[in-house]
Amino acid sequence: MDINLPGISGNRALKILREDPATAHIPVVALSANAMPRDIERGLEAGFFRYLTKPIKVNEFMQTLDVTLEFARQGTGHAK
C-alpha cells in the first residue's frame with residue numbers, strides 16, 4: 001500500500017484495515033517515496049508488515065512478497 005494515497009494516508013487506511021476483524025490479519029506492505037529512517041520507523045510502528053521505498057528494487061520487492069505470502073499462509077492455516 002502506498003503511504004500517500006489520494007484522499008487518505010496509507011497509515012489511516014492501515015488503521016481501518018486493522019480495526020475490521022475481516023481484514024485485521026492481513027499483512028500489509030508499505031511502499032513509499034518517503035524514505036527517511038524516521039518515515040520507515042513510523043511505518044513499521046504503525047503496523048506495516050514491511051516498509052519498502054521507491055524506486056522499487058525488484059529483488060527486494062519479490063523477496064518481500066514471498067515472505068509476506070508465506071506469513072499469510074501460516075497465519076491463516078492455508079496450505080502452500
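How much of the accessible surface of this chain belongs to carbon and sulfur atoms? Hi everyone, let's start there. The accessible surface comes to about 5400 Å², and carbon and sulfur atoms hold 61% of that. Please keep in mind that we are looking at a predicted model.

Now for the layout. If you trace the chain on the screen, you will find four strands and three helices. In sequence order they follow the pattern β-β-α-β-α-β-α. The radius of gyration is 13 Å, while the globule rule gives 12 Å for 80 residues; those values are close, so the chain is as compact as a globular protein of that length. As for its dimensions, the C-alpha trace spans about 35 × 30 × 20 Å along its principal axes.

What about the inside? Of the 80 residues, 25% count as buried. And if we take the contacts with a separation of 6 or more, 34% of them come from residues 24 or more positions apart.

Let's zoom in on helix α1, which covers residues 10-19. Which of its residues are buried? They are Gly 10, Ala 13 and Leu 14. Look down the axis of α1 and you will see these buried residues within an arc of 100 degrees, so they line one face of the helix.

Notes. Residues are numbered from 1 along each chain as its sequence is written. This is a predicted model: local features need pLDDT of at least 70, side-chain atom pairs count only at pLDDT 80 or more; totals for chains, interfaces and linings use all residues. Side-chain values use heavy atoms; hydrogens and water are left out. Buried means under 20% relative accessible area, exposed over 50%, partly exposed in between (1.4 Å probe, protein chains only). Helices (H or I, at least four residues) and strands (E, at least two) are DSSP runs, numbered from the N terminus. The arc is that of the directions from the helix axis to the C-beta atoms. The radius of gyration is taken over C-alpha atoms; the globule rule is 2.2 Å times the number of residues to the power 0.38. Contact means heavy atoms within 4.5 Å. Accessible areas come from the Shrake-Rupley method with a 1.4 Å probe; for residues, only the protein chains shown count as cover.
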